There are 2 protein chains.
Amino acid sequence: MAVIYERVALIGLGLIASSMCHAMRRAGLAGEIVGYAKSAETREIAREIGLCDQVCDSVVAAAKDADLVVLCVPVGAMEAVAQEIGPVLKPGCTISDVGSVKRTVIDVVSPHIPSGVHFVPAHPLAGTEHSGPRSGFAELFDNRFCILVPAQDADRDAVEKLAGLWRGMGAQVDEMDAEHHDLVLAVTSHTPHLIAYTMVGVADDLRRVTDSEVIKYSAAGFRDFTRIAASDPVMWRDVFLNNKEATLEILGRFTEELFALQRAIRQGDGDHLHDYFTRTRSIRRSIIEAGQDTDAPDFGRAKAKDV
Amino acid sequence: MAVIYERVALIGLGLIASSMCHAMRRAGLAGEIVGYAKSAETREIAREIGLCDQVCDSVVAAAKDADLVVLCVPVGAMEAVAQEIGPVLKPGCTISDVGSVKRTVIDVVSPHIPSGVHFVPAHPLAGTEHSGPRSGFAELFDNRFCILVPAQDADRDAVEKLAGLWRGMGAQVDEMDAEHHDLVLAVTSHTPHLIAYTMVGVADDLRRVTDSEVIKYSAAGFRDFTRIAASDPVMWRDVFLNNKEATLEILGRFTEELFALQRAIRQGDGDHLHDYFTRTRSIRRSIIEAGQDTDAPDFGRAKAKDV
């Protein structure tokens, strides 16, 4: 594949940025990749493993002269970074981000973008429970979606170029407006994460069941919650603080439904339970057909455990 | 490995029974395996794929002469089966089950067990979202736990023999009393399943987010809920109807915690969220160390998707 951006600057060097490094290199999409991380330790590790072509000691040095700057920091840190780099952004360059929330990010970043610079917010829907510069891998975005959330008057060439980069990194690209993105993600990501965190917290906190029992017997279902409940705490704190309304709306729906099922259990209403459980089964099939999960027994874990 | 039981009868031929067939054959643990399923269609499929040595058309014919009878039917169907086969059980034989709930099963099955027959209740903690005689595979129990719940005055030889069978099928064996089992499973399995069912139901029912969006963007977290929410509806209806108290207790704790997090989001209390999310991270690590999950990126899905 051909080079899409001559110089790409990644601000923040965690799971997403480090995976972008590997994915861009796999396909030869960037002439040069420079990176910056706030923590000196992270920068040191990035240098040690040769993550980017160059690791800068200041965010300004990284962003200056870049043709594409991608903010890969927690949502709560985006504004400060935008404020700092705004004045040095090269005319005609594109600035993007990978935040899990879009309305707030757009609201706080936009004021700092000089005219002549294209702001194209983005959100790749991919992750693992690992973080840091060592956690990235080139395949993270393969067959996953990246949602672009450009303004209505965005420069279409800039949008298409960024879409091309994400496709080159293996992703499928969709476009959405910020409000709808935040609601869709509240359903498919934010509320599930909060629920998983809650369930794991409850299990960890019971006096009558020991942690070691929870761990030993986790394969009975609990295990599936622990992966997402192990995700980066700062990232998720910022997600909930910045997608408050949509998350609270979906949580409200969730507790309403949960109470109805709870009452069915209390009253011994087997028909209600059976009907509910039958309805939820079909959505799983659709997810597998859409290539967003595997049908392999036990999630392919049987194989993976020997690795 | 040597034959442990000359004749094993499996009553019900779903995921667990069919996996037991494959696992017993893999290690040569049974002289002969006979099976019975209530549905003629299931019996026909079992014959067609050669699942057991013999598929019987009556439960009595299957259980008679068996050295081990394992009830692999939903919890709500156990009593009727025990009542029917009780009179024909061979003196000295062992009867067991694989139900996810133990107190109720023991209460309804015990009265039908003639004296001289050993009842050793069991629960293998393993499963996939698939059901039926074609869904079984020999590796299902490898490195998973099987919990035996024998009465205090149980015949230890009979208990050890059954433990040997489960070990031979790849499982690790633990013993527990019925009440504790039901509480531990309410935490590690029953409540997580109910919550997953609820979340999937909510997502399926929203007007403002389409099903196709939920499916496309499921890799952002929601996906992890859908596997367990695709499990067999009859089995799970019976679990909740028969482990009512423990499930309602854990659900109560869950909603209490969820409300506290919900309030933290509403009030913008980032410290509370961050502390909570940090605490839940460590339990994941312990599960991987205990060999109950894989550390592979994306659950090993990246590899599995090419299959």
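Q: Is A63(A) buried or exposed?
A: A63(A) is buried, because 26 other C-beta atoms lie within 10 Å. A residue counts as buried if 20 or more other C-beta atoms lie within 10 Å of its own, as exposed if 12 or fewer, and as partly exposed in between, with C-beta atoms placed from the backbone.

Q: How should I read the numbers and letters, and what sort of model is this?
A: Residues are numbered from 1 along each chain as its sequence is written, while chains are lettered from A and ligands numbered from 1 in the order in which they are written. This is a predicted model, where local features need pLDDT of at least 70, side-chain atom pairs count only at pLDDT 80 or more, and totals for chains, interfaces and linings use all residues.

Q: Where is A63(A) found?
A: A63(A) is in helix 3 of chain A. Helices (H or I, at least four residues) and strands (E, at least two) are DSSP runs, numbered from the N terminus.

Q: Which residues does A63(A) touch?
A: Leaving out residues up to four places away in sequence, A63(A) touches A9(A), I11(A), V69(A), I85(A), V88(A) and L89(A). Two residues are in contact if their C-beta atoms, placed from the backbone, lie within 7 Å.

Q: How far apart are A63(A) and I95(A)?
A: From C-alpha to C-alpha, A63(A) and I95(A) are 9.4 Å apart in space, and 32 residues separate them in sequence.

Q: What about D65(A), what is its phi?
A: D65(A) has a positive phi of about 70°, although D65(A) is not a glycine. D65(A) sits in the loop between helix 3 (59-63) and strand 4 (68-71) of chain A. With 15 other C-beta atoms within 10 Å, D65(A) is partly exposed.

Q: And N143(B), where is that?
A: N143(B) is in the loop between strand 7 (122-124) and strand 8 (145-148) of chain B. N143(B) is not a glycine either, and its phi is positive, near 65°.

Q: Zooming out, how many helices and strands are there in chain A?
A: Chain A has 14 helices and nine strands. Of its 307 residues, 58% count as buried. The C-alpha trace of chain A spans about 65 × 45 × 35 Å along its principal axes.

Q: Which helices of chain B supply residues to the side that touches chain A?
A: The contact takes 101 residues from chain B and 100 residues from chain A. Several helices of chain B each supply at least two residues of the side that touches chain A, including helix 8 (211-216) and helix 12 (270-279). Helix 7 of chain B gives the most to that side, with 19 residues.

Q: How are the two copies related?
A: A rotation of 180° with 0.0 Å of shift along its axis superposes chain B on chain A, at an RMSD of 0.0 Å. The two copies are therefore related as by a two-fold rotation axis. The superposition is by least squares on the C-alpha atoms of residues with pLDDT of at least 70 in both.

Q: Why do the copies meet through the same surface?
A: Because 99% of the interface residues of chain B are also interface residues in chain A.
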